[in-house]
Amino acid sequence: VATWISIGLAIEEAQIALLIEVCRIGRRSMETQRLDIAQQCDRLQGQIDEFTQSALTHLGEGFDADDDPDDLNIDILDDINDDLADFTETSDAWTNSPELTIIPLPSNLGVEHCRRCMAEDLILLEMSLHEGQANDALHNLRIHLCNKAILFRTTVRQAKYQALKTRAWSQVTSVQQAVSLHASIYTKTRKQMIQLEPGPDQLQKYKPLLCEQLKISTAVGDPNARGQQNESLAWFWSVEVDMEGPENLWNEEFYQVHWLRAKALRDRWMEEISLVQSEMDWTCNFFLWKATQWGAQMQELLLKQLPGHACYAGRQSQMYSLLAQDAQAAFQ
């Protein structure tokens with residue numbers, strides 16, 4: 001059963017990849033591109049047909065292959081501000097395609113439908129597999145965002161000639177396509193997890209993914225750039241996902257840079273707290289010192305028999321005493 005659900009998740013990932021490819025090429029596609037899309041559609045349709053036939057075995061007699069689940073709704077997430085291409089362009093040239101077909105997974109059929117089919121055990125199993133799929137998507141997303149940041153620092157900013165710039169932006173575009181793919185997979189996975197009625201801990205861990213969170217950090221590409229004093233990483237950078245792999249060194253450098261930035265920001269806040277507390281004490285001490293100073297001058301003026309000047313000095317001493325009391329009360 002787990003293998004059958006895993007095959008279904010792989011089919012949905014292939015659907016998302018094909019849908020992004022169709023949207024990317026748009027209507028003005030070359031013949032070779034249309035041929036490649038047609039081959040992918042045929043291969044994907046064969047996998048969907050085989051998966052649907054095997055669903056009768058796992059979902060029981062209550063399942064009808066002719067049922068029409070909810071329409072498939074895939075959000076293609078893409079950071080178009082950092083890229084040369086807009087992958088969210090839609091096209092009507094590819095209708096009734098397998099990338100829009102809903103496969104009979106428990107999350108697509110609904111919890112109530114699975115209960116009627118006596119297939120409640122599939123709900124927890126698919127939820128567990130979706131958690132692994134979401135972890136993989138976030139892991140790959142972080143890897144490709146790290147790669148994109150490193151490319152900007154080592155390739156794009158170092159390119160001096162037009163040919164080098166074109167080649168560098170081509171690499172960035174390739175990485176951005178991977179970012180869009182894994183972000184869309186995570187979004188679709190989270191929607192299916194919600195259909196399976198997850199617990200509060202799962203909802204807290206797997207939060208919605210926004211387009212603005214897919215922007216790369218300029219701390220690696222340009223550490224001295226302005227306007228990034230209080231910037232922080234998006235929520236998915238702190239999710240506990242295994243980061244081991246061949247790209248681990250790039251991830252380590254990315255995390256090291258942001259760890260140092262976070263430490264510097266914390267040290268600056270601690271220094272600011274210390275300075276503010278000291279400034280409070282300095283303010284109160286200054287008012288008390290001025291009150292004492294004017295009080296001493298009042299005593300000297302009284303000895304010199306200058307009552308008018310002594311009254312003015314006494315009023316100043318009283319004013320600074322009240323300011324010290326107000327400051328102490330406000331700073332408590």
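Predicted model: local features only at pLDDT ≥ 70, side-chain atom pairs only at ≥ 80, totals over all residues.
The residues that form the contact of α5 with α6 comprise 19 nonpolar, 11 polar and 2 charged ones.

Helix α5 also contains alanine 149. With a relative accessible area of 1%, alanine 149 is buried. In sequence, 67 residues separate alanine 149 from isoleucine 216, yet their C-alpha atoms are 5.9 Å apart in space.

A further partner of α5 is helix α1. Helix α1 covers residues 2-25, and its 24 residues, at 1.5 Å a residue, should span 34 Å; the C-alpha atoms at its ends are 35 Å apart, which agrees. Glycine 26 follows α1 and has a positive phi, near 65°.

The axes of α1 and α5 come within 10 Å and cross at roughly 45°, which makes α1 oblique to α5. This crossing of α1 and α5 is right-handed. On the side of α1, the contact is made by Ala2, Trp4, Ile5, Ser6, Leu9 and Glu13; on the side of α5, Leu122, Leu125, Glu126, Leu129, His130 and Gln133 take part. Sorted by class, the contact of α1 with α5 has 7 nonpolar, 3 polar and 2 charged residues.

How values were computed: Residues numbered from 1 in each chain as written. Heavy atoms only, no water. Helix = DSSP H or I, 4+ residues; strand = E, 2+ residues; numbered from the N terminus. Expected span 1.5 Å × (residues − 1). Nonpolar A, V, L, I, M, F, W, Y, C, P; charged D, E, K, R; others polar. Buried < 20%, exposed > 50% of the residue type's maximum accessible area, 1.4 Å probe, protein only. Axes fitted to C-alpha atoms, helices over the stretch in contact; angles between N-to-C directions. Parallel < 35°, antiparallel > 145°, perpendicular 65-115°, else oblique. Left-handed = near helix turned anticlockwise from the far one by under 90°. Contact = heavy atoms within 4.5 Å.
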